[in-house]
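Here are my notes on the structure you sent over. Have a look at the model first, then go through the points.

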Amino acid sequence: MAVQRIEVLGVPVDICLPQDLGKEILKLTEKPGHKQIVFLSIWGLLKARKKNDFASCVKNADLVLPISKSILKGAAFLKQSVPLRYNPFSAVINMLNALESQYKSLYLLGGRKKTVMAAEKNVRTTFKGIQIVGRYVGYYPKNVEDDIIKAIYKASPSLVLVSEGIKEKDCWSYLRRDKFSSSIFLYYKDIIGIFGGRRRRVKEKTFDRGLEIWDEILHNPLKIFLVFPFLKYLILLVCARLSAKKNRRKVNESK
């Protein structure tokens with residue numbers, strides 16, 4: 001089995017080898033209806049523990065790929081199988097390579113007008129086998145949303161890359177899932193900005209060391225306060241491990 005699903009603090013996380021990711025994407029393209037891939041950060045994991053649309057979105061996602069080192073460490077601490085961590089940009093490139101090999105299609109949703117146009121041009125140049133069947137900017141007025149949904153439905157792209165300017169992020173497609181025919185949706189805030197040359201992606205060395213949060217803090221110093229939910233995460237892990245240990249003891253005593 002190429003993908004193994006575990007749970008970290010009750011939130012689903014998938015274990016998928018990088019060499020299998022392309023195969024999994026192509027499998028999903030053959031599956032009818034709305035499909036979704038979620039890049040899960042530690043902050044997303046904490047949010048998904050609550051009762052909200054994002055929690056439902058993650059629970060029902062076809063593929064949940066961890067992007068935070070803390071999720072891997074949490075799985076190890078809870079003595080579970082440890083998933084592999086994905087660099088979102090590298091994962092998207094892997095997916096596009098797989099789609100290109102089978103001449104699949106792509107729709108770009110998000111970003112400003114100049115950026116998404118530049119992104120489309122660069123994707124066409126780099127992935128010549130992919131057919132781009134449409135694009136639309138983010139930050140759009142509410143009255144055009146039905147037209148966007150109809151365009152995606154009619155084009156039925158293999159993959160829809162959702163980026164900045166889409167207020168509901170991962171939940172955008174999930175909350176409208178009954179309005180799409182057969183597409184995979186993936187939200188990654190920076191992807192159109194990176195493809196359009198407006199944003200720089202995190203360096204591989206920085207990501208591999210798990211230091212990308214410091215880049216975010218440099219751009220937004222208020223993110224230093226993320227230390228508090230991180231401490232909450234550590235406490236939850238300790239509580240979960242103690243609870244599991246207590247349950248095992250009860251089981252052994254009952255034998």
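1. R199 is partly exposed, at 30% relative accessible area; that label covers the range between buried (under 20%) and exposed (over 50%), with a 1.4 Å probe and protein chains only. R199 pairs with D190 in a salt bridge, with the closest N and O atoms 3.5 Å apart. By salt bridge I mean a side-chain nitrogen of Lys or Arg within 4 Å of a carboxyl oxygen of Asp or Glu. D190 is partly exposed too, at 25%.

2. Before going on: this is a predicted model, where local features need pLDDT of at least 70 and side-chain atom pairs count only at pLDDT 80 or more, while totals for chains, interfaces and linings use all residues. Residues are numbered from 1 along each chain as its sequence is written, and side-chain values use heavy atoms, leaving out hydrogens and water.

3. R201 and E204 also form a salt bridge, at 3.5 Å from N to O. R201 comes out at 39% relative accessible area and E204 at 35%, so both count as partly exposed. Elsewhere, salt bridges with shared partners link K142, E145, E168 and R176 into one network.

4. Then look at K31 and D62, whose closest N and O atoms are 2.5 Å apart in their salt bridge. K31 sits in the loop between α1 (18-30) and β3 (35-40), and D62 in the loop between α3 (53-60) and β4 (63-66), so the pair ties together parts 31 residues apart in sequence. The whole structure has 14 salt bridges.

5. Overall, 47% of the chain's 255 residues count as buried.

Technical notes: Helix = DSSP H or I, 4+ residues; strand = E, 2+ residues; numbered from the N terminus.
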